[in-house]
Amino acid sequence: MIDKDDFRPITRSRRRATITNAKSETVKLRNGETAAASDPKARESFTKNLQAQLSQDSKRKCDLYDKMSCHKLQESMLSSASSFKNYRGILNWCVVMLVLSNARLFLENLLRYGILVDPIQVVSLFLKNPYSWPAACLVIVSNVFILLALYTERKLAMGLISEKAGLLIYIFNLTVVLCFPMIVVLKLPSITPVGGAFALGVYTILFLKLYSYKDVNRWCRERTQAKARSLSRSLSCPSSQSPSSGMQSHVSYPGNLSLRDIYYFVLAPTLCYELNFPRSESIRMGFLLRRLFEMLLLTQLLVGLTQQWMVPIIRSSMKPLQEMDYSRMTERLLRLAVPNHLLWLIFFYSFFHSSMNFVAELLRFGDREFYRDWWNSETITYFWQNWNIPVHKWCLRHFYKPLLRRGAGKLLSQSAVFFASAFFHEYLVSVPLRMFRLWAFMGMMAQLPLAWFVARFLRGNYGNAAVWLSLIIGQPIAVLMYVHDYYVTHYQDDPTVTEAL
């Protein structure tokens, strides 16, 4: 603390002391000057003592000033020039506000519509008749195409059929994999839209897996015929593995052509085939049970939020869409954006984290990279490359790079990848609904100019905000378009449905 005597009035006695000290200092200085004039060493010593005394006086004054000062050169915490980065409290505030606002919406929904959750109605989405399971039967039939692919590969490995004949068999097999379920869903009225979407999703995954199975075995045959001893892991052919890498048994071509191997690949949470997958050492029961609990809980949450929150908003949106009331359509779109996006996030966690990790743990599948940090995406391209890693790896390995090797440019190859993705999106939506409106296809193809615009004109946080905005607003637009067209196609002439809306 500062001594209060330093700031008291200068009294007479204090002035006398000061004058006396000054005289003594003057005498000392004069004596020092006299001695210094006669001796150079004394002069040097005198100079050093004087400098030390001056530095002590200066330091004493600086310390006194530091004690009295309360300001220093610094930036505000929220300024961009500040190095402050701890915004945990603001994040917690956002979470609290989000919970409170959604709690208000939840109470408002209950007061307006009552409890709409009905588990029996969920069963009716998959089955029209509890004694008829057409979608499940359609999935069981898919084993025929798996066995045909294995039979073809065995014949090719033994040299009983030529490569051209094997290619023709694969073209036929893969074409039927896509067309057969589509025809069944369109022609069989007993298949519900949800059941049809599930069956078509299974067949789409099987199509991608069998295509990868064909390519990898062909690569291995080419290297075997060329008598290459070192097989590249980048092509998923066998390579030497250390015992500590988790590989239980080393499989070489054509020893991989077995029922056990192909069905492990079909059930594994990946679309890219390898002869030797990385395997974990054991099944962790605690991890497995946690993922199972998440799957059950999040599935119930998805169903409940859809019935209680989304369905009433969609129903109330039909009349503005029919009357082309743009202001009310915009209001309904914004109302639908929040629950739709929340359901999408829950679905992402439930499928890509809980479900796929559950299957991977059960099969001891070692590669658990099913997604990356897509939420930090600053470009549309980065989002599509990181939110669904199994599909991205397949597109990169079996579609994008082969196009580049054949002389196609990067822009053309990227456009082809988006075109294929748009086709499968439309395939999985239009066929189960039994109507073709191309909303999903056009939405995917619109990602190309949007990706160019965001990468060209937006950077950093602005690019990330554009990605989030496209996710939050883009999906509800497609949902409203398909629901409206489905209502117009199937229920417009039904007076009971019209009155309910």
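Predicted model: local features only at pLDDT ≥ 70, side-chain atom pairs only at ≥ 80, totals over all residues.
Thr306 is found in helix α10, residues 285-323 (helices are DSSP runs of H or I with at least four residues, strands are runs of E with at least two, and both are numbered from the N terminus).

Neighbours within four places in sequence aside, Thr306 is in contact with Val311 and Leu343 (contact means heavy atoms within 4.5 Å). Pro339 is 33 residues from Thr306 in sequence, and the two C-alpha atoms are 8.1 Å apart.

## Basis of the values

Residues are numbered from 1 along each chain as its sequence is written, and side-chain values use heavy atoms, without hydrogens or water. Local features need pLDDT of at least 70 and side-chain atom pairs count only at pLDDT 80 or more, while totals for chains, interfaces and linings use all residues.

The axes of helix α6 (residues 143-158) and helix α7 (residues 163-187) come within 10 Å and cross at roughly 175° (axes are lines fitted to C-alpha atoms, for helices over the stretch in contact, and angles run from 0 to 180 degrees between N-to-C directions). That makes α6 roughly antiparallel to α7 (angles under 35 degrees count as roughly parallel, over 145 as roughly antiparallel, 65 to 115 as roughly perpendicular and the rest as oblique). The contact of α6 with α7 has 9 nonpolar, 3 polar and 2 charged residues (Ala, Val, Leu, Ile, Met, Phe, Trp, Tyr, Cys and Pro count as nonpolar, Asp, Glu, Lys and Arg as charged, and the others, Gly among them, as polar).

Helix α8 covers residues 193-225, and its axis comes within 9 Å of that of α7, crossing at roughly 175°. α7 is therefore roughly antiparallel to α8. Residues in this contact include Tyr170, Asn173 and Val177 of α7 and Leu200, Tyr203 and Phe207 of α8. By class, the contact of α7 with α8 has 14 nonpolar, 2 polar and 3 charged residues.

## Helix α3 and the annotated spans

Helix α3 (residues 88-113) has 26 residues and should span 38 Å at 1.5 Å a residue, which agrees with the 37 Å between its end C-alpha atoms (the expected span is 1.5 Å times one less than the number of residues). Gly114 follows α3 and has a positive phi, near 75°.

An unreviewed UniProt entry places the feature "transmembrane region" at several spans, including residues 90-111, 165-185 and 436-458 (annotations may be inferred rather than shown by experiment). Residues 165-185 are 100% helix and 0% strand, with end C-alpha atoms 30 Å apart. Residues 436-458 are 78% helix and 0% strand, and their end C-alpha atoms lie 34 Å apart.
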